[in-house]
Amino acid sequence: RRLERVTYYEVLPDLSPAEFEVLKRTVARISAGLCPEDVTPLSFGKLIEVLTQSAAGEIAKISDPARLRELATLSAYEAVGMSTLLALATDRFVTEFYVDAPDTFVYVDHSRHGRCESRICLTERERKAIETHMDTFSGYTLDLSTPSLKNEMEIQGSRLRVSLDLAPLAVNSFSLDVRKLSVSTLSLNELIGMRVVTNEAAAFLIASLEAGMNVTIVGETGTGKTTLLNALDESLDPRLRRIYIEDAVETKDLLKRGYHQMKLKVEPFERGRESSRTKTGEIVKILHRSPDIVILGEIQSEEHSHAFFHALSSGVRGMQPFHASS
């Protein structure tokens, strides 16, 4: 809705009073009955699966199977304090959402309406749930020496890149940026149809890549660098041996479509000198993996730049996005 020239984003509840009461009782019961030791292997996806099954058992009297699944899923995410993330992640028009500080409203980037304000505010429980998820399932520990982490998570089929900053780095003790990775799924033909890229430019880029040249995709935040990278990658010969080196996996999974893909995940650059898996280290090793094309992921730091130029000097060619204004 639009008020005083500002567009506001709302999440409207779709629960009857009876369903709301059932939901409250269900969340309380499955939360009380959860034993983390029973969740094996312990992962976020498995935890949600176990809680959803428990919730479905509690509300089995609902006759509509689709509605039963919806309420069971909502109960599971509410039990772990992440129902707001569920709502935002499953809205296909939301591409990214942000929280600047505790007790401030969420604001979102919407594919139809651009930047939207909201009256949604993460509770302390929800903020702690996100911190706990990043601390438990990221493989790293949030502490004074590492107050910033970036990791991927999946919520009901939506892949998210979650960037979390805490004190002492975040002056206000908490800030959050969640980007929807699953929106970068437009094909090259669709981009041409949308007049994002011309036929001639698309043909030139594909011919350059197939000829073994390097393509660096440069742009500011939100300009579609990853979308273009994925579209070009998908348009290349599936038989090419692709090797990806990313700290946040933003590339399409094309294995089920017969493409040759080997994906490597290095530690996020926020880890600094503590990193044991770096892009530079993997580029050195990649020479013995016989790639036809290397997707180096986003170039974000000095270390990433070293990896990039080492790849070029070693004759490794591929694609990488790069933040810049020109």
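**Strands, helices and loops**

Mentor: In β13, I295 has M319 as its bridge partner. Please keep in mind that this is a predicted model, in which local features need pLDDT of at least 70 and side-chain atom pairs count only at pLDDT 80 or more, while totals for chains, interfaces and linings use all residues. Residues are numbered from 1 along each chain as its sequence is written, and side-chain values use heavy atoms, with hydrogens and water left out.

Trainee: Which strand pairs with β13 over two bridges?

Mentor: Strand β12 (residues 293-295) does, in the parallel sense. Strands are DSSP runs of E with at least two residues, helices are runs of H or I with at least four, and both are numbered from the N terminus. Two strands pair if DSSP finds at least two bridges between them.

Trainee: And what is the bridge partner of Y244 in β12?

Mentor: That partner is I295. Strand β10 (residues 241-246) is joined to β12 by three bridges, and the two run parallel.

Trainee: How many bridges link β9 and β13?

Mentor: Five bridges link strand β9 (residues 215-219) to strand β13 (residues 318-323), again in the parallel sense. Within β13, V218 has F322 as its bridge partner.

Trainee: What is the strand order of the sheet, then?

Mentor: The sheet is open and has five strands in the order β9-β13-β12-β10-β11, with parallel pairing. β9 and β11 (260-265) are the edge strands, each pairing on one side only. From one strand to the next, the twist averages 20°.

Trainee: Turning to the helices, at what angle do α1 and α2 cross?

Mentor: Helix α1 (residues 17-33) and helix α2 (residues 44-58) cross at roughly 130°, and their axes come within 9 Å. Axes are lines fitted to C-alpha atoms, for helices over the stretch in contact, and angles run from 0 to 180 degrees between N-to-C directions. α1 and α2 are therefore oblique to each other; angles under 35 degrees count as roughly parallel, over 145 as roughly antiparallel, 65 to 115 as roughly perpendicular and the rest as oblique.

Trainee: Which residues make that contact of α1 and α2?

Mentor: T26, R29 and I30 of α1 make the contact with L51, S54, A55 and E58 of α2, where contact means heavy atoms within 4.5 Å.

Trainee: What about α2 and α3: what is their angle?

Mentor: α2 packs against helix α3 (residues 65-79) at about 125°, with the axes 8 Å apart. That angle makes α2 oblique to α3. From α2, F44, I48, L51, T52, A55 and A56 meet L68, A72, T73, S75, A76, Y77 and A79 of α3.

Trainee: Why is α8 described as largely enclosed?

Mentor: Nine of the eleven residues of helix α8 (residues 225-235) are buried, so the rest of the structure largely encloses α8. Buried means under 20% relative accessible area, exposed over 50%, and partly exposed in between, with a 1.4 Å probe and protein chains only. Among the buried residues are L229, A231 and D233.

Trainee: Finally, the loops: where is the residue Q156?

Mentor: Q156 lies in the loop between β6 (148-155) and β7. Q156 is not a glycine, yet has a positive phi of about 50°, and with a relative accessible area of 45% this residue is partly exposed.

Trainee: Is S290 buried or exposed?

Mentor: S290 counts as exposed, at 54% relative accessibility. Its place is in the loop between α9 (279-286) and β12.

Trainee: Which peptide bond is cis, with omega near 5°?

Mentor: The bond from A167 to P168 is cis. P168 is found in the loop between β7 (158-166) and β8 (174-180).
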